[in-house]
Amino acid sequence: MKALASIPNIWCEKIQQVGKRGTPDILACVNGKFVAIELKKDDKSLPDKLQQHKLKKIVKAGGVSFVACPENSETVIGMIAIMARGMK
C-alpha cells in the first residue's frame, strides 16, 4: 500500500472482506482508470473461481485487474506507475 500510495495520480484502498466474497483486496483509481488488485501469498496461489469472475467483470467493464504476490509485486507497481503517468 505504501508503494502504491507514493505514486502520483492514484487513490487506493485496502478492502476488508466482510460479507462480500470475491471482492479484490485493493481497489484503486489510477489517473482516472479503475484498478482492482487481488493479493496472493505467492505465485503458486491462484484466485478462486469467484475472484476470477469478478476480475473478469472489472476488465469487461473497462477497468484493469492484477493478481499480485511478493514475486511480481515490483512489476505490478511498475505497471501502475506507468498508468499513473498516462502511458499505455
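**Close-up views of charged side chains**

**View 1. Lys 40 and Glu 38 are both buried (under 20% relative accessible area with a 1.4 Å probe, protein chains only; exposed is over 50%, partly exposed in between).** The two residues form a salt bridge, with their closest N and O atoms 3.7 Å apart, the term meaning a side-chain nitrogen of Lys or Arg within 4 Å of a carboxyl oxygen of Asp or Glu. The model is predicted, so local features need pLDDT of at least 70 and side-chain atom pairs pLDDT 80 or more, whereas totals for chains, interfaces and linings use all residues. Residues are numbered from 1 along each chain as its sequence is written, and side-chain values use heavy atoms, without hydrogens or water.

**View 2. Asp 48 and Arg 21 form a salt bridge, in which the closest N and O atoms lie 3.9 Å apart.** Asp 48 sits in the loop between E3 and helix H2 (49-60), while Arg 21 belongs to the loop between E1 and E2, so the pair ties together parts that are 27 residues apart in sequence; helices (H or I, at least four residues) and strands (E, at least two) are DSSP runs, numbered from the N terminus. Asp 48 is partly exposed, at 33% relative accessible area, whereas Arg 21 is exposed, at 58%.

**View 3. Asp 43 and Lys 44 are joined through their side chains by a salt bridge of 3.8 Å, N to O.** Asp 43 is partly exposed, with a relative accessible area of 46%, and Lys 44 counts as exposed at 69%. Three salt bridges are found in a search of the whole structure.

**View 4. Asp 25 lies in the loop between strand E1 (10-14) and strand E2 (26-30).** The side chain of Asp 25 reaches the backbone nitrogen of Leu 39 at 2.8 Å.

How values were computed:
A polar contact is a pair of N or O atoms within 3.5 Å; within protein, one must be able to donate a hydrogen and the other to accept it, and residues adjacent in sequence count only if both atoms are side-chain atoms.
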